[in-house]
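Please read the following walk through one structure with the sequence and the coordinates side by side.

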Amino acid sequence: MTIGWAPKKNRDGQPTPGCWMTDGGYTVAQFQVDGLPVYAVTAPGDSVAMTYRKSRAGVVQAITDHMAGRAVAKFEGEGA
């Protein structure tokens, strides 16, 4: 499945660095932990991240699973 990502914009219309909105309304924010990238994924309508992933591919898989109604683990590598 292909999921489009576009830069998320603030109320002034400026792109928010390291933050994207998907076609399906999911918010993805990238940050660093111990020098490694981590992606927080928030479902549409929620205010707290539903999952954290190590890669963009992991983000796409988590969103795909969530959209299909499958359980998604909070942290990559955990059982859902």
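Valine 60 counts as partly exposed, because its relative accessibility is 22% and the class takes in whatever lies between buried (under 20% relative accessible area) and exposed (over 50%), computed with a 1.4 Å probe on protein chains only. The residue has its place in helix 1, where helices (H or I, at least four residues) and strands (E, at least two) are DSSP runs numbered from the N terminus. This is a predicted model, in which local features need pLDDT of at least 70 and side-chain atom pairs count only at pLDDT 80 or more, whereas totals for chains, interfaces and linings use all residues. Residues are numbered from 1 along each chain as its sequence is written, and side-chain values use heavy atoms, with hydrogens and water left out. Between valine 60 and lysine 8, which are 52 residues apart in sequence, the C-alpha to C-alpha distance is 17 Å.

Helix 1 itself has twelve residues and reaches 16 Å from its first C-alpha to its last, close to the 16 Å expected at 1.5 Å a residue, the expected span being 1.5 Å times one less than the number of residues. Its buried residues are Gly58, Val59, Ala62, Ile63, Thr64 and Asp65, and what covers them includes strand 1 (5-9), strand 2 (15-22), strand 3 (27-33), strand 4 and strand 5. Glutamine 61, also placed in helix 1, counts as partly exposed because its relative accessibility is 44%; its C-alpha atom is separated by 9.9 Å from that of isoleucine 3, 58 residues apart along the chain. Just after helix 1, glycine 69 takes a positive phi of about 85°.

Isoleucine 3 lies in the segment before strand 1 and counts as buried because its relative accessibility is 14%. Not counting residues up to four places away in sequence, isoleucine 3 touches Thr22, Asp23, Val60, Ile63 and Thr64, contact meaning heavy atoms within 4.5 Å. Threonine 22, in strand 2, is buried as well, since its relative accessibility is 7%; with the same exclusion of residues up to four places away, threonine 22 touches Ile3, Gly4, Trp5, Val28 and Ile63.

In soluble globular proteins, nonpolar side chains tend to be buried together. Here the largest nonpolar core is made up of eleven residues, namely Ile3, Trp5, Trp20, Tyr26, Val28, Tyr39, Val41, Ala43, Met50, Val59 and Ile63, where such a core is a set of buried Ala, Val, Leu, Ile, Met, Phe, Trp, Tyr and Cys residues joined through side-chain atoms within 4.5 Å. Strand 4 (36-42) and helix 1 (56-67) each supply at least two residues of this core. Leaving aside neighbours within four places in sequence, valine 59 is in contact with Trp5, Val28, Tyr39, Val41 and Arg53.

Arginine 53 is buried yet has no salt bridge, and the nearest side chain of opposite charge, that of glutamate 76, is 4.9 Å away; a salt bridge is a side-chain nitrogen of Lys or Arg within 4 Å of a carboxyl oxygen of Asp or Glu, and in assigning charge Lys and Arg count as positive and Asp and Glu as negative, while His and the chain ends are not counted. The side chain of arginine 53 does, however, reach the backbone oxygen of alanine 73 at 3.3 Å. Tyrosine 52, also in strand 5, is partly exposed, with a relative accessible area of 24%, and, neighbours within four places aside, its contacts include Phe31, Val38 and Tyr39.

The structure holds one salt bridge, in which the side chains of aspartate 65 and arginine 70 meet at 3.0 Å, N to O. Aspartate 65 counts as buried because its relative accessibility is 17%, whereas arginine 70, at 46%, counts as partly exposed.

Aspartate 34 counts as exposed because its relative accessibility is 77%.

Methods:
Polar contact = N/O pair within 3.5 Å; in protein donor to acceptor, adjacent residues only side chain to side chain.
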